[in-house]
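I opened the notebook for a quick look at a model, and here is what I looked up.

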Amino acid sequence: MDLSPRASEPSRKPRKWLPIVLLSLVGLGGIVIVTQFLTSAIDYYCNVDEIGVRSGCEESTRLRVQGTVEQGSLQKTGGKTSFVMTFNDKSINVVYAGDPGGVFQECISVVAHGRMIDGTFESNRIEVKHSNEYAEKNADRLDSSGSAACSQVQG
Amino acid sequence: MSQVLQRTSATGTRATKVIGALAILVMAWVVVSGLVLTPQDVVQGESVRIMYVHVPSAWIAYLAFIFTAVASASWLISKKHSMGFDRFAGASAEVGVMFMAITLITGSLWGRLTWGEFWQWDPRLTTTAFLFVTYVGYLAVRRLEGSVEQRARRSAVVAMLAVLEIPLVHFSVVLWRSLHQGATVLNPNGDVKMDDLMLFTLFSGVVGFTLVFVWLVLHRQRTMLLVDVANRQGLDAAIAARKIEGSVN
């Protein structure tokens with residue numbers, strides 16, 4: 001039986017690199033998120049009535065514009081969707097190349113990404129901005145059209 | 001302390017079994033009500049059913065991170081520095097990160113169905129992602145090398161700073177213009193505009209997720225206790241072995 005003392009081992013333990021690498025990656029991720037946040041997130045959009053009025057909402061720049069799709073204005077022709085977007089009694093014509101799909105409809109708030117060109121807002125992205133109200137879908141009322149349909153969407 | 005391992009064959013108790021059974025019952029009700037009994041939303045249609053998972057998971061994540069901060073403060077303030085506080089803080093944060101991940105995933109799916117996008121860098125989404133990353137960082141801090149006391153002190157400081165992000169996340173839709181809708185239940189006006197059964201199912205989800213959270217945290221903090229005890233036993237055994245070697249020489 002070998003009873004001789006064990007050979008002395010180095011006193012320093014190998015450093016655990018995994019947590020350090022993970023922490024560095026987390027820090028890097030945080031920086032990326034904050035950078036994106038500062039450049040993109042604060043005040044996500046301009047309202048329709050602020051175009052050309054509010055700082056950061058200049059007509060010459062690419063904008064995200066928020067407003068409500070006006071009732072009776074929605075038209076889909078030749079693969080394009082056009083509608084009037086309104087906010088605070090100000091309106092703009094919007095043309096979107098394609099069908100927004102999803103829950104896009106009249107009387108709903110949307111955020112359109114694009115540019116003002118010759119008085120028309122040419123959009124290449126439409127995001128539906130739904131409200132914080134939730135109500136039961138009523139099949140009878142949905143089948144109706146005009147003001148009844150719009151009032152149901154608006155609650 | 002070493003007897004803890006010997007007398008513990010599982011992390012469950014009668015209380016955790018009761019909590020677990022209640023969690024199963026409530027969650028079963030939430031599944032049935034959320035998928036079958038509740039109506040479609042007038043605008044969102046069937047996609048509104050994601051709300052019964054998305055909103056409770058977000059609230060429970062907030063709750064978990066607040067518990068982590070309170071337990072961390074308790075560890076720092078208490079004279080005995082009971083490691084139970086530290087283990088509870090760690091367990092709560094781990095479960096909270098899981099619920100936050102569920103929030104982000106379900107929110108992303110819901111966003112695709114309503115906004116038309118999985119993700120946008122809007123204030124609510126960005127601050128939520130930042131909160132998630134912060135608590136992943138907290139968990140990484142807990143795994144840095146050092147004694148259990150060092151682990152507790154470092155992570156307690158991080159937890160007490162990180163919890164300050166929660167008000168920023170919650171009020172981001174008020175402070176800035178956001179694509180994300182404002183609060184329905186916890187809105188400043190207190191005027192909840194939601195169908196009655198939808199609201200009841202939502203609250204059922206909160207109760208069910210809370211029971212799941214409590215069940216998971218109790219089991220996890222006991223698992224952490226066993227790990228700490230096992231590590232301590234390993235250290236004691238190593239010291240005893242060196243002493244024997246010393247006496248032989």
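The entries below cover an interface, a tryptophan and a helix pair.

I note that this is a predicted model, where local features need pLDDT of at least 70 and side-chain atom pairs count only at pLDDT 80 or more, while totals for chains, interfaces and linings use all residues. Residues are numbered from 1 along each chain as its sequence is written, and chains are lettered from A in the order in which they are written.

**Interface.** I found 43 residues of chain B in contact with 40 residues of chain A (C-beta atoms, placed from the backbone, within 7 Å). On chain B, α4 (83-114), α5 (123-142) and α8 (196-248) each supply at least two residues of the side that touches chain A; α5(B) gives the most, with nine residues. I sorted that side of chain B into 21 nonpolar, 13 polar and nine charged residues.

**Tryptophan.** I located B:W121 in the loop between α4 and α5 of chain B. B:W121 is partly exposed because 17 other C-beta atoms lie within 10 Å (20 or more would be buried, 12 or fewer exposed).

**Helix pair.** I then checked α3 (residues 51-77) and α6 (residues 148-162) of chain B, whose axes come within 8 Å and cross at roughly 135 degrees. Among the residues making the contact are B:F65 and B:W75 of α3(B) and B:M160 of α6(B). The residues of this contact divide into ten nonpolar, three polar and no charged.

Conventions: Contact = placed C-beta atoms within 7 Å. Helix = DSSP H or I, 4+ residues; strand = E, 2+ residues; numbered from the N terminus. Nonpolar A, V, L, I, M, F, W, Y, C, P; charged D, E, K, R; others polar. Axes fitted to C-alpha atoms, helices over the stretch in contact; angles between N-to-C directions.
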